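Here is a short briefing on a modelled structure. Look at the sequence and the coordinates first.

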2 protein chains.
Amino acid sequence: MPEPRTITEAAEFIRTGELTPTDLLEQCLARIERYEPRVRAWAYIDCAAAREQAAQLSTELKNGQHRGPLHGIPLGIKDIIDVFDMPTGCGSKRWAQSFARRDATCVERLRQAGAVIVGKTVTTAYASFDPPVTRNPWNLDLTPGGSSSGSAAAVACGMCLGALATQTGGSITRPASYCGVYSLKPTHGRVSVDGVLPLAPSLDHIGMMANSVRDLALLFNATAGADTRSPETLARIVPDPFGNRYDMPRDPDMGYEHNWLCVTDDFFPPRCTEPMRTAFDTMVRTLVRYEPTDEMIGRVHSVSLPPGFAEAPERQLTVMAVEAAAYHEPRYRRHPDDYPPKITSLIERGLRTSAAEYARCKQFQARFTDELRTRFRVLLVPATPAPAPPAETTGDPTFNSPWSYTGMPVLSLPFSWTADGLPLAAQVVAKQGQEDDLFRTAAWVERVIGFAPRPLSL
Amino acid sequence: MPEPRTITEAAEFIRTGELTPTDLLEQCLARIERYEPRVRAWAYIDCAAAREQAAQLSTELKNGQHRGPLHGIPLGIKDIIDVFDMPTGCGSKRWAQSFARRDATCVERLRQAGAVIVGKTVTTAYASFDPPVTRNPWNLDLTPGGSSSGSAAAVACGMCLGALATQTGGSITRPASYCGVYSLKPTHGRVSVDGVLPLAPSLDHIGMMANSVRDLALLFNATAGADTRSPETLARIVPDPFGNRYDMPRDPDMGYEHNWLCVTDDFFPPRCTEPMRTAFDTMVRTLVRYEPTDEMIGRVHSVSLPPGFAEAPERQLTVMAVEAAAYHEPRYRRHPDDYPPKITSLIERGLRTSAAEYARCKQFQARFTDELRTRFRVLLVPATPAPAPPAETTGDPTFNSPWSYTGMPVLSLPFSWTADGLPLAAQVVAKQGQEDDLFRTAAWVERVIGFAPRPLSL
């Protein structure tokens, strides 16, 4: 029986009948049994409910009904997103048994597309920076990253083929990078936040993790778009609900001007540790050399970032702290015991911040976003300064928080391994609403680089 | 220090400074301490949070800020409606610790209007028919009615001056009547269902209980109106957020044609037991005699109801059963132990019902509603067939479910006492969206009848 790693492969096996949704789910449950005791990616698993869904979707296929490429695909949902009759624990002690009375809109859409919800993946407390119980599957002494720790670790272990995650600073890109999986943080507002715990609403994004660029496009297509329950969600309509719109082009050049893919010497390279800098340089050289014609040399282009770029992470953190305090303050005062140290100091920072300072950070956010928009169409930079650090931290979000601040879409993909066997990842950034650019560019990079997944040695 | 019974009285004391929000809350908390051990109206009380809100609202007043007539008014919220960081237990064992991450829209609006949220009032399991732990404050052997049992009992005991409640069959009017408090079930869709457990969405109403007609108008005004989170909510805008729109007219005749208040010999009187029939007849005679002029004799008019009226309760129950099954089925199958007998048989009835039968009941609902609309502008009938029955039941909803079925607004008010000291109530029904008619008529009836509240003998 085939054991597909990606949604794209699994979908083809399911469509042709080589695998049933039940077969596929059992493969995931077997990996959960094998890895979960050490990795601890899950806050809640409902095997019975998942088996029931898979059985029903298997029956549908027997009857000739096929919902599309997510039909029968096992997914994990970050534990700050509501799934009907599972607790939304949010990494809180006091909320650990808070069962949801309905699906969040993004979960409801995945179910309608045929996904099987396996359970809830571990989040750091309130999606902030406190280290979670989850460990990095590539080295159990290291962090999987945060705050979408369980989603990244579960997808890396094949416990599910994709997962929903959220990012306010670097909570999607960072854990995906540390765990060697692909991730998408869409444009701010493209996926509804209905049914999701807020951390800082002007920065909160819903996104996804999986094992290929095309998988991310499938998950994005199933979830993005206007939601009558969430007035914040952008009304822009996603053209086709089942991925045809984002089928990867065979020719990555179609329709693009020269210099469409940019790299930069600013901000990112000086902040990288070895081996990230070397590995990233090697990758860029591979991309530049891909086809040694004049046309292709022109494809990868170097740009300079705005001078204020280095201030963005700190200002993003101020906005995050203030908005986190705005939401949590009354509860934090009543139940300080339910707030671990990092979220406590985030809230305290927010409470100390003057309104004028917050206003300045919001104004800077608008100017900074406008300025970045003129610098590139697609930017390729390292996703993190270094591979995963020890489990006492959740890692450094400074390479990610600027994109949460501007709301620009980011797709991250693993591209190399360190000598110690840790994955390294790059991130592709595009203009707001231009997820198409991300998918095309990332698919081209994925094909040219030919990143080789490795088996876990857990 | 004055001890107001109604929101209207309390609001005046607070406005003039004779009472602070803290004084008023402490009066309510003292009544909770006194009555709650026997009445058991509350699923969750957060005294600390309530005292904090009251203190803040007291400070605002000292600083000259007055939010309007709900400033500092202590309220209870039915336990299927979300209040931030309190559990929404829904009468479920498994959901008992399900803390809400935000306020339902109706709660948020009450808070903005200055209300103090004391806690969550007991609901029957999933707002269905299983007897609750709550007892009737007028006789502890009797039911308070259901499903908004705790809201009715708490308001009757003065543990809060008003409460939110919900009705799908007779869950607002019935308990309010049994407990001797006033209630409003607004037009279907006028108050947002955002953040509220569904029972049967096409029949679910959010409403309120209090101790006077004007109090209901104040609560209605603060909560009704379009909600961007709930596309189901009617867009009709409530003119003034603080009750001036629904200030009771001094002259109840203003603008009305003759025969505006109707009574009927159909359906209701034959189904009443003594003493309800006698007491209701006496009340109608009082109204007719109120001003012995030709004009006034014409004011109260007798109409006939459509012949299909007697079928409405049974068909309403079919719709309720089917929609309850649609929501609960998957969870009911997985956790049958969390479903007591009455909700179980409701769901089972829904599962047994054919789609064709459901479709016929929905079609009848539309025709029946159209037909009723032509029969009267305002109808006055008994609110229940009899006073509160023993605690093994939640009482008979057949006098209430037709108005849930049609979505027509209903206001109930106590008008008399039985020889055993139990309250009896009448209900005023109007056309959809015509809550004004209800408030005017009910305020006139309230004034003419002069219902005398009694002290509890608990």
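This is a predicted model: local features need pLDDT of at least 70, side-chain atom pairs count only at pLDDT 80 or more; totals for chains, interfaces and linings use all residues.

Residues are numbered from 1 along each chain as its sequence is written, chains are lettered from A and ligands numbered from 1 in the order in which they are written, and side-chain values use heavy atoms, leaving out hydrogens and water.

**Symmetry**
- Chain B superposes on chain A by a rotation of 180 degrees with 0.0 Å of shift along the axis, at RMSD 0.0 Å. That is the relation of a two-fold axis.
- In chain B, Ser98(B) has the C-alpha nearest the axis, 1.7 Å from it.
- Both copies use the same surface: 100% of the contact residues of chain B recur in chain A. Contact means heavy atoms within 4.5 Å.

**Interface**
- Chain B gives 29 residues to the contact, and chain A gives 29 residues.
- The buried area between the two chains is about 2,400 Å², with 45% from carbon and sulfur atoms. This is the accessible area (1.4 Å probe) that two parts lose on being put together, summed over both.
- On the chain B side, Phe84(B), Arg101(B) and Arg334(B) lose the most area to chain A, together 30% of what that side buries.

**Sheet of chain B**
- Eleven strands form an open sheet with mixed pairing, in the order 1-3-2-4-6-5-10-11-9-7-8. Two strands pair if DSSP finds at least two bridges between them.
- Strand 1 (42–45) and strand 8 (300–303) of chain B stand at the edges with a single partner strand each, so one side of each has no neighbour in the sheet.
- Strands (E, at least two residues) and helices (H or I, at least four) are DSSP runs, numbered from the N terminus.
- Strand 4 (residues 162–167) and strand 6 (residues 205–210) of chain B pair in the antiparallel sense over six bridges. Leu164(B) has Met208(B) as its bridge partner in strand 6.

**Helix 15 of chain A**
- Helix 15 (residues 435–449) of chain A has 15 residues. Eleven of the 15 are buried, that is, under 20% relative accessible area (1.4 Å probe, protein chains only).
- Among the buried residues are Phe439(A), Trp444(A) and Val448(A).
- Gly450(A) follows helix 15 of chain A, with a positive phi near 60 degrees.

Terms used
Copies are superposed by least squares on the C-alpha atoms of residues with pLDDT of at least 70 in both. The expected span of a helix is 1.5 Å times one less than its number of residues. Buried means under 20% relative accessible area, exposed over 50%, partly exposed in between (1.4 Å probe, protein chains only).
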